[in-house]
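Visitor: Hi, I'm new to this one. Could you show it to me and walk me through it?

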Amino acid sequence: MPETEKERILRLIAEGVLTPEEGARMIEALQRAQQAQPTASSTSEPSREKPKTNERQNFQKVEIPRPDGTHETIEVPPALVPAVMKVIGAYMKESARSAARDAWGGFRVMASRSLNEMKSNLRTRFSGSPNKAASLNTPSPEEIQRREERLRLLQMVESGRLKAEEAERIFEQLDALHQEKRGVSSGQTH
């Protein structure tokens, strides 16, 4: 088995792209594929090199996505390509589930804070604001929260846990939520 392919598979296991079980299956399949290749007679040095190039030509390149958005290219025997594609598909599904869980968890925290701040703002409005002049110079708690929400989403995009398109949709939804909050709070004070 070519040492470089084994090293790549081990590196992908270490990076968490492949599980140890998946890596073991891939290594076994590579060994079987190498044993199935016809061996050249060992009469001369050039004849040994030629089957290796033929053997290398029989491998197919497969790109495996990494969590950071880059790709790792490995060479696998054609018979192993469907298994590798299943592994990649399972990895991508789990990665998407994990990102969705993280995003939903963050959204729940933000929504909870928004609700608490809305309650606090309503209490302040009904009980009277102690110092309106001071509140004009400093950003409102709602504005501070909106800035924090946007910062968190941008950090998730930067870390690769969220795509830019997804963040844009969330921004639009948050803006709509804030507009709705303003409408609700202004409707109740009249």
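This is a predicted model: local features need pLDDT of at least 70, side-chain atom pairs count only at pLDDT 80 or more; totals for chains, interfaces and linings use all residues.

Visitor: To start, how far apart are Arg 8 and Glu 5 in helix 1?

Guide: They are three residues apart in helix 1 (residues 3–15), which puts about one helical turn between Arg 8 and Glu 5. Helices here are DSSP runs of H or I with at least four residues, strands are E runs of at least two, and both are numbered from the N terminus. Residues are numbered from 1 along each chain as its sequence is written, and side-chain values use heavy atoms, with hydrogens and water left out.

Visitor: Thanks! What do the side chains of Arg 8 and Glu 5 form?

Guide: A salt bridge, at 3.6 Å from N to O. The term means a side-chain nitrogen of Lys or Arg within 4 Å of a carboxyl oxygen of Asp or Glu. In general, side chains of opposite charge can pair when their charged atoms come close.

Visitor: Got it. How many salt bridges are there in the structure?

Guide: Nine. One of them joins Glu 72 and Arg 11, whose closest N and O atoms are 2.6 Å apart. That pair links distant parts of the chain, since Glu 72 sits in strand 2 (residues 71–76) and Arg 11 in helix 1, 61 residues apart. Glu 72 is buried at 8%, whereas Arg 11 is partly exposed at 35%.

Visitor: What about Glu 148, which residue does it pair with?

Guide: Glu 148 forms a salt bridge with Arg 152, with 3.5 Å between the closest N and O atoms. Both lie in helix 6 (residues 141–159), four residues apart, or about one turn of the helix. Glu 148 is partly exposed at 37%, and Arg 152 is partly exposed at 29%. Elsewhere, salt bridges that share partners join Glu 94, Arg 97 and Arg 101 into one network.

Visitor: Switching topic: how many helices and strands does the chain have?

Guide: Seven helices and two strands. Along the sequence, the pattern reads α-α-α-β-β-α-α-α-α.

Visitor: How do helix 4 and helix 6 pack?

Guide: Helix 4 (residues 81–127) and helix 6 pack at an angle of about 175°, and their axes are 10 Å apart. The axes are lines fitted to C-alpha atoms, for helices over the stretch in contact, with angles from 0 to 180 degrees between N-to-C directions. Helix 4 and helix 6 are therefore roughly antiparallel; angles over 145 degrees count that way, with under 35 as roughly parallel, 65 to 115 as roughly perpendicular and the rest as oblique.

Visitor: Which residues meet there, on helix 4 and on helix 6?

Guide: Among those in helix 4 are Met 110, Arg 113 and Glu 117, and they meet residues in helix 6 including Gln 145, Glu 149 and Arg 152. The residues of this contact divide into four nonpolar, three polar and six charged.

Visitor: And Lys 181, what does it touch?

Guide: Leaving out residues up to four places away in sequence, Lys 181 touches Ser 114, Met 118 and Gln 145. Touching, or contact, means heavy atoms within 4.5 Å. Lys 181 is in helix 7 and counts as buried at 11%. The C-alpha atoms of Lys 181 and Met 118 are 8.0 Å apart, although 63 residues separate them in sequence.

Visitor: Where is Arg 182, then?

Guide: Arg 182 is also in helix 7 (residues 164–189), and it is partly exposed at 34%. With residues up to four places away in sequence not counted, Arg 182 touches Glu 142 and Arg 146.

Visitor: Last one: how much of the chain is buried?

Guide: Buried residues make up 25% of the 190 residues in the chain.

Conventions: Buried means under 20% relative accessible area, exposed over 50%, partly exposed in between (1.4 Å probe, protein chains only). Ala, Val, Leu, Ile, Met, Phe, Trp, Tyr, Cys and Pro count as nonpolar, Asp, Glu, Lys and Arg as charged, and the others, Gly among them, as polar.
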